[in-house]
Amino acid sequence: MHERCPQCGQPTEIEVGFYYGTSFVSYAITVALSVATFVAWWIILGFSLNDNSIFYWLGFNAVVLLILQPPIMRFSRTLWLSWFVKYDPNWKENKIKDYERVVKEQMNNW
């Protein structure tokens, strides 16, 4: 991710470890997507005890989630950031504040 928004200059790293919470958002999106593929598979193809259709769905779902992982991660980070940074309609006139919990010396010190 960019250190600051290329458009308005808003810092994207508000504090050290800010994006740890996106794992919960990503998990919720992944569960919702899995439920959606399960329902779609059930309606379109159906499940039966006589064949291995549940295992075919599991394989299909795993491939879909692997392919969609980068967009899901980006979307969850965007959602997480939007919950903590409020939009300023006058962003061109107002100065962007620096967050007090950012310690420049500790950035990228994992």
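In the residue classes used here, Ala, Val, Leu, Ile, Met, Phe, Trp, Tyr, Cys and Pro count as nonpolar, Asp, Glu, Lys and Arg as charged, and the others, Gly among them, as polar. The model is predicted, and its largest pocket holds about 730 Å³ of space.

**Pocket**
- The lining of the largest pocket is made up of 28 residues, and those that lie nearest its centre are Cys 5, Cys 8, Gln 10, Thr 12 and Leu 81.
- Sorted by class, this lining comprises 14 nonpolar residues, together with seven polar and seven charged ones.

- A nonpolar patch on the surface is formed by Tyr 27, Val 31, Val 35, Val 39, Ile 43, Ile 44 and Leu 45, which together have about 740 Å² of accessible area.
- Val 31, one of the patch residues, lies in helix H1, which spans residues 22-44.
- Because its relative accessible area is 37%, Val 31 is classed as partly exposed.

**Helix H2**
- Tyr 56 belongs to helix H2, which covers residues 53-84, and is exposed, with a relative accessible area of 56%.
- Tyr 56 and Trp 41 are 15 residues apart along the chain, and their C-alpha atoms are separated by 9.8 Å.

Methods
Residues are numbered from 1 along each chain as its sequence is written. This is a predicted model: local features need pLDDT of at least 70, side-chain atom pairs count only at pLDDT 80 or more; totals for chains, interfaces and linings use all residues. Side-chain values use heavy atoms; hydrogens and water are left out. On a 1 Å grid over the protein atoms alone, a cavity is a set of points where a 1.4 Å probe fits but cannot get out, and a pocket is an open set with protein on both sides within 12 Å along at least five of seven lines; lining residues have an atom within 4 Å of a point. Grid points are joined across faces, edges and corners, and a volume is the space filled by probe spheres set on the points. Patches are made of residues with over 30% relative accessible area and no salt bridge: like charges are joined within 9 Å, nonpolar side chains (Val, Leu, Ile, Met, Phe, Trp, Tyr) within 5 Å. Accessible areas come from the Shrake-Rupley method with a 1.4 Å probe; for residues, only the protein chains shown count as cover. A salt bridge is a side-chain nitrogen of Lys or Arg within 4 Å of a carboxyl oxygen of Asp or Glu. Helices (H or I, at least four residues) and strands (E, at least two) are DSSP runs, numbered from the N terminus. Buried means under 20% relative accessible area, exposed over 50%, partly exposed in between (1.4 Å probe, protein chains only).
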